[in-house]
Amino acid sequence: MTPSRDISRLIEIMTTLRTPGSGCPWDLEQNFATIAPYTIEEAYEVADAIARGDLGDLRDELGDLLLQVVFHARMAEERNAFSFGDVVEAITAKMIRRHPHVFADKDGQLTPSDVKGAWERIKAEEKAERAARRPREETAHKSLLSGVKAGQPALSRAMEPQRKASSVGFDWNDPRAVLHKIREEADEIEAALDRGDADEVAAETGDLLFALVNLARHVGADPDMALRGTNAKFERRFGYIERALAAAGRSLEGASLAEMDAFWNEAKGAERPLTSASNEAQSGR
């Protein structure tokens with residue numbers, strides 16, 4: 001089988017991979033739930049390629065993301081639910097419907113704000129149509145939190161219900177109260193660890209993360225950006241450990257935790273003067 005610019009070849013490849021008896025064992029054992037994390041990961045890698053301005057990488061990552069769509073569509077087709085063609089038809093119908101000023105005969109010119117208003121109106125109509133198709137018990141109660149988008153990354157999504165709840169007074173007035181809640185959640189994790197209950201540990205860890213996002217909201221920090229900064233800091237300091245060991249002719253595998261901790265603290269100490277100098281420069285001192 002040779003590469004092709006035709007989408008039908010990619011669909012054919014996925015069909016072959018998912019064919020029982022002759023397909024790929026790994027692909028065959030996957031389902032929507034197991035593939036979903038890969039779909040999210042590929043979307044992030046597309047965003048990363050854009051952020052780096054690497055168009056070659058962007059081409060490849062868009063291909064990986066497209067594969068995810070084909071994978072999900074194939075699994076749905078196996079259940080006689082829908083096919084890749086149905087996915088394409090649904091999005092083309094949606095884009096035509098949301099752009100009446102482009103695809104229908106309209107007199108006059110629309111401004112960007114007019115277009116945005118029409119887009120939001122049509123999206124609201126579509127949302128109402130989807131809600132009408134759901135079973136009655138799912139639509140009986142209109143929650144304050146109903147508008148929170150489910151497709152956001154969990155860290156970002158945690159902010160939205162907190163903000164909405166805060167708008168009606170369900171909130172702490174002092175970040176220190178949130179800090180107390182964080183300590184409480186940490187204690188509950190410790191208790192779950194003592195009981196050896198893995199499911200409870202996972203649930204309590206989620207509660208701790210939610211409380212940490214709440215603290216970020218109270219102090220005006222973006223939790224995603226804060227975590228990105230910490231990720232970069234960890235990578236920088238761990239890189240220092242690797243370089244220090246390499247300079248001594250040592251490997252990570254041959255080093256003790258105590259040795260690595262010592263180099264970590266060296267890296268941390270080396271960053272402090274730079275941080276202090278930066279803060280002084282910003283304050284004009």
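Leu145 counts as partly exposed, because its relative accessibility is 37% (buried means under 20% relative accessible area, exposed over 50%, and partly exposed in between, with a 1.4 Å probe and protein chains only). Please keep in mind that this is a predicted model, where local features need pLDDT of at least 70, side-chain atom pairs count only at pLDDT 80 or more, and totals for chains, interfaces and linings use all residues. Residues are numbered from 1 along each chain as its sequence is written, and side-chain values use heavy atoms, leaving out hydrogens and water.

**Overall build**
- The protein has 14 helices and zero strands (DSSP runs numbered from the N terminus: helices are H or I with at least four residues, strands are E with at least two).
- Of the 285 residues in the protein, 19% are buried.
- Among contacts with a separation of 6 or more, 48% join residues 24 or more positions apart (contact means heavy atoms within 4.5 Å).
- The accessible surface comes to about 20,000 Å², with 56% belonging to carbon and sulfur atoms (Shrake-Rupley method with a 1.4 Å probe; for residues, only the protein chains shown count as cover).

**Nonpolar cores**
- Seven residues form the largest nonpolar core: Met14, Ile35, Val70, Phe71, Ala73, Met75 and Phe84 (a core is a set of buried Ala, Val, Leu, Ile, Met, Phe, Trp, Tyr and Cys residues joined through side-chain atoms within 4.5 Å).
- Helix H4 (residues 55-78) gives this core its largest share, four residues.
- Beyond its neighbours within four places in sequence, Val70 touches Ile7, Leu10, Ile11, Met14 and Phe84.
- A second, separate core has six residues, including Ala244, Leu245, Ala255 and Phe263.

**The patch around Leu145**
- Leu145 sits in the loop between helix H8 (136-139) and helix H9 (154-157).
- Together, Leu144, Leu145, Val168 and Phe170 make a nonpolar surface patch of about 430 Å² (patch residues have over 30% relative accessible area and no salt bridge; like charges are joined within 9 Å, and nonpolar side chains, Val, Leu, Ile, Met, Phe, Trp and Tyr, within 5 Å).

**Helix H10 and Glu204**
- In helix H10 (residues 159-166), the residues Met159, Pro161, Gln162 and Ala165 are buried.
- These buried residues of H10 pack against H9, H12 and helix H13 (223-247).
- Glu204 belongs to helix H12 (residues 198-218).
- Although buried, Glu204 has no salt bridge, and Arg195, the nearest side chain of opposite charge, is 5.9 Å away (a salt bridge is a side-chain nitrogen of Lys or Arg within 4 Å of a carboxyl oxygen of Asp or Glu; Lys and Arg count as positive, Asp and Glu as negative, and His and the chain ends are not counted).
- Leaving aside neighbours within four places in sequence, Glu204 contacts Glu185, Glu188 and Ile189.
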